[in-house]
Amino acid sequence: MWGNPPWVQIPLPPLSEWSELMRVALGEARLALEHDDVPVGAVVARADGGDVIARRHNERERTGDPTAHAELLAIRDASRALGRWRLDDCVLIATLEPCPMCAGAAWAARIATVVFGTPDPKAGATGSLYNLAADPRLNHESRVVAGIEAEACARLLRDFFADRRQ
């Protein structure tokens, strides 16, 4: 009825490109460790070519802001950099599956593709617990690519939480 979702027109880049962008997100995630935040990193890149527009990491502990998730911050920065709220020609890459807030922000920004490293069985909203990226009741859908550099993403989170439990 409304036409094809934007990702239908955008071909998937090769796996090596996703891995390269995920390594940028992993670098961001490691920066969160410097201020005792959960090590999650995110990148917003152009869907056609992978040019990085924005990169961020969690800053909840640093800022005292519960909405300072890596994905939300990266989406805000990308919108500012491009001077528009519609990011339908962009990809969101996150080390951890986006939560409902971040998946909602990706939906609101009309992001074409969401890529994540490791699933989040407790709060994942692009396939694990919910799937806001493919809910037919919403007016936009995103393609989801899961499991890129999954072991590296999961290891960073496991190590962080293991250290906190000691």
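**Inside the model**

Start at Ile111. Leaving aside residues up to four places away in sequence, Ile111 touches Ile75, Leu87, Cys90, Val91, Leu92, Ala106, His140 and Ser142. Keep in mind that this is a predicted model.

Now the setting of that residue. The largest nonpolar core has 23 residues, and Ile111 is among the five that touch the most other members, along with Val44, Ile75, Leu87 and Leu92. Which elements each supply at least two residues of this core? They are the strands β1 (41-46), β2 (52-57) and β3 (90-96), and the helices α3 (70-82), α4 (100-108) and α5. Of these, α3 gives the most, with five residues.

Ala152 takes us to helix α5, where it is one of the buried residues. Helix α5 covers residues 150-165, which is 16 residues. From first C-alpha to last it reaches 23 Å, close to the 22 Å expected at 1.5 Å a residue.

Leu157 lies among the lining residues nearest the pocket centre, together with Val38, Leu96, Asp120 and Phe161. The volume of this pocket is about 440 Å³. How many residues line it? The lining has 17 residues, and they divide into nine nonpolar, five charged and three polar.

That is the tour.

Terms used
Residues are numbered from 1 along each chain as its sequence is written. This is a predicted model: local features need pLDDT of at least 70, side-chain atom pairs count only at pLDDT 80 or more; totals for chains, interfaces and linings use all residues. Side-chain values use heavy atoms; hydrogens and water are left out. On a 1 Å grid over the protein atoms alone, a cavity is a set of points where a 1.4 Å probe fits but cannot get out, and a pocket is an open set with protein on both sides within 12 Å along at least five of seven lines; lining residues have an atom within 4 Å of a point. Grid points are joined across faces, edges and corners, and a volume is the space filled by probe spheres set on the points. Ala, Val, Leu, Ile, Met, Phe, Trp, Tyr, Cys and Pro count as nonpolar, Asp, Glu, Lys and Arg as charged, and the others, Gly among them, as polar. Helices (H or I, at least four residues) and strands (E, at least two) are DSSP runs, numbered from the N terminus. The expected span of a helix is 1.5 Å times one less than its number of residues. Buried means under 20% relative accessible area, exposed over 50%, partly exposed in between (1.4 Å probe, protein chains only). A nonpolar core is a set of buried Ala, Val, Leu, Ile, Met, Phe, Trp, Tyr and Cys residues joined through side-chain atoms within 4.5 Å. Contact means heavy atoms within 4.5 Å.
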